[in-house]
Amino acid sequence: MSNLALIMAAGQGTRMKSNTPKVLHQILDAPLVQYVISAAQAAGCERTLVITGHQREEVEAVLPDTVEKIYQAERIGTANTVLTAEQALEGAQGKLVVLSGDVPLLRPETLQALMEACTGSAMAVLTAHVDDPMGYGRVLRNEYGTISGIVEEKDATEEQRLITEINTGIYCFELEGLFDRLRKIGNDNAQHEYYLTDIVQVCLDEEASVGSITVSDASETLGVNSRVQLAAATRVMQRRINEAWMMSGVTMVAPELCWVAPDVTLEPDTTLLPMTFLSGATKIASGCVIGPDTRIINSSIGAGSLVDSSIVLYSEVGQRADIGPRAYLRPGCVLENDVKIGTSVELKGTHVGSGTKIPHLSYIGDAKVGADVNIGAGSITCNYDGQKKSRTVIGDSAFIGSSTMIVAPVTIGAHATTGAASAITKDVPDGALAVERGDQTIIEGWAQRRHPGDNADAPGKEAH
């Protein structure tokens, strides 16, 4: 016997007013459906199946390899959606949790409790009490407190619409007999659709028991059907993630102004300052100070590092680095320990050795920079000739004078020096000094000869 999950992700989501499928809209840089998949797998579901439909190629492209994909060509109701999985589940035994791909806030613990509630019953329903039940199906109970039916709002009476216990659309079924029951559901309703909620009545007609649990925090069941609901779900997830990290030893000066994606890893004694965005599989080691106004995507930051008002993308930063303010590390950078990357410095595809300093106003791209190098302000590697990118190599302990243009491909040796304002086009041997400058020429009286009507008080000209 096993636990399985079926996630419905076939709908269009017209209220989103978007060309993007609803389940691909993001919370903290992760698509809605990914949160649902993660919750199901964390709850112990051995198999996860996702039913796609609208813009299936886009949806399936982001699904992980750990899920099975089922295409639903005709979308005529949620009962039909589950029935679409019959062939894929042929021979399977155990429990099937049915989830919606647009309900991203469910906790694994809640799904585990729902599966427990299904033990000994044909099915179990997850319900919630809300202040405003408008738009939701209402849960009907008999005098014994057990579920006697679920009615959609469009089909509910005025009295039924006063009920505040709602159907969340999350169910657990015993697989035995499930698909036979689904085939008994009709479409005699306002929408002329096959409602999965009607399976409750099918079970009751067969005298099969229907269990339920009521979630303690109704925000877990918040569905995302509009941009307003997307923002509300984002706030809930942001608070949930941030509180968990703070309880684990991370300081957030203003947690409402920090956004941490679900796959980010933070070690204790790290501090996140306001307007910090951490995305993807970013890893921040212990003792770092990140922010303010910093964005890091799919990168690792070593222990004791500072990243101030900067952007780091797909890069690796060693320990005790000092980055920023307003530095930009583009993909493919590797910084070893004790590196300084200062104000308005941009790196791309560059390996920087330990102890090296690039303090300000430089662009270093497609380069290997050794240890203990100093690169002066305004220096750049000229790595692109209009057709191809070329590589620069700078040896250990080299000194690059301010405003040096390094025209790749070129190698500057260890302990070498370049004079300020030089254009280096040839290799520089170890320990050498390379200076490339034209002689300075001074032409006296240039301004007067160029603009004879100006500068009447200049030396040598009589004022009138």
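**Cut-offs and calls: a conversation**

Biologist: Why is threonine 356 called buried?

Modeller: Threonine 356 has a relative accessible area of 0%. Buried means under 20%, exposed means over 50%, and partly exposed is what lies in between, using a 1.4 Å probe and protein chains only. So threonine 356 counts as buried.

Biologist: What are we working with here?

Modeller: This is a predicted model, in which local features need pLDDT of at least 70 and side-chain atom pairs count only at pLDDT 80 or more, while totals for chains, interfaces and linings use all residues. Residues are numbered from 1 along each chain as its sequence is written, and side-chain values use heavy atoms, with hydrogens and water left out.

Biologist: Where does threonine 356 sit, and what does it touch?

Modeller: Threonine 356 is in the loop between β29 (351-352) and β30 (357-360); helices (H or I, at least four residues) and strands (E, at least two) are DSSP runs, numbered from the N terminus. Contact means heavy atoms within 4.5 Å. Setting aside neighbours within four places in sequence, the partners of threonine 356 include Asp338, Lys340, Val369 and Asp372.

Biologist: What makes the pair of threonine 356 and aspartate 372 a polar contact?

Modeller: A polar contact needs N or O atoms within 3.5 Å; within protein, one must be able to donate a hydrogen and the other to accept it, and residues adjacent in sequence count only if both atoms are side-chain atoms. The backbone nitrogen of aspartate 372 is 3.2 Å from a polar atom of the threonine 356 side chain, so the distance is inside the cut-off.

Biologist: Why are tryptophan 259 and phenylalanine 277 called stacked?

Modeller: Rings of Phe, Tyr and Trp (its six-membered ring) pair if their centres lie within 6.5 Å; planes under 30 degrees apart count as stacked, over 60 as edge-to-face and the rest as tilted. The structure holds two aromatic pairs. In this one, the ring centres are 4.7 Å apart and the planes are at 5°, so the pair is stacked. Tryptophan 259 lies in strand β13 (residues 258-260) and phenylalanine 277 in strand β16 (residues 276-279), so the pair ties together parts 18 residues apart in sequence. Phenylalanine 277, at 30% relative accessibility, is partly exposed.

Biologist: How do you know that a charge sits over the ring of tyrosine 384?

Modeller: The rule asks for NZ of Lys or CZ of Arg within 6 Å of the ring centre and within 35 degrees of the ring normal. The charged end of lysine 389 sits over the tyrosine 384 ring, 5.5 Å from its centre. Arginine 56 likewise lies over the face of tyrosine 71, at 4.1 Å from the ring centre.

Biologist: How do you know that cysteine 203 is in no disulfide?

Modeller: A disulfide is a covalent bond between the sulfur atoms of two cysteines. The cut-off for the sulfur pair is within 2.5 Å, and by this rule the count is zero disulfides. For cysteine 203, the nearest cysteine sulfur, that of cysteine 118, is 9.2 Å away. For cysteine 333, the nearest cysteine sulfur belongs to cysteine 288, 17 Å away. Cysteine 203 is buried, at 1%, and cysteine 333 is buried at 1% too.

Biologist: What makes a set of residues a nonpolar core?

Modeller: The residues must be buried Ala, Val, Leu, Ile, Met, Phe, Trp, Tyr or Cys, joined through side-chain atoms within 4.5 Å. The largest such core has 58 residues, and Leu335, Ile341 and Leu347 have the most contacts inside it. Elements giving two or more residues to this core include α1 (32-42), α7 (227-247) and β32 (367-369). The helix α7 gives the most, with six residues. Apart from this core lies another, of 34 residues, among them Leu24 and Val59.

Biologist: Why does threonine 234 still count as buried?

Modeller: Threonine 234 has a relative accessible area of 18%, so the value falls on the buried side. This residue is found in helix α7, and beyond its sequence neighbours within four places threonine 234 is in contact with Gln26, Ile27 and Leu28.
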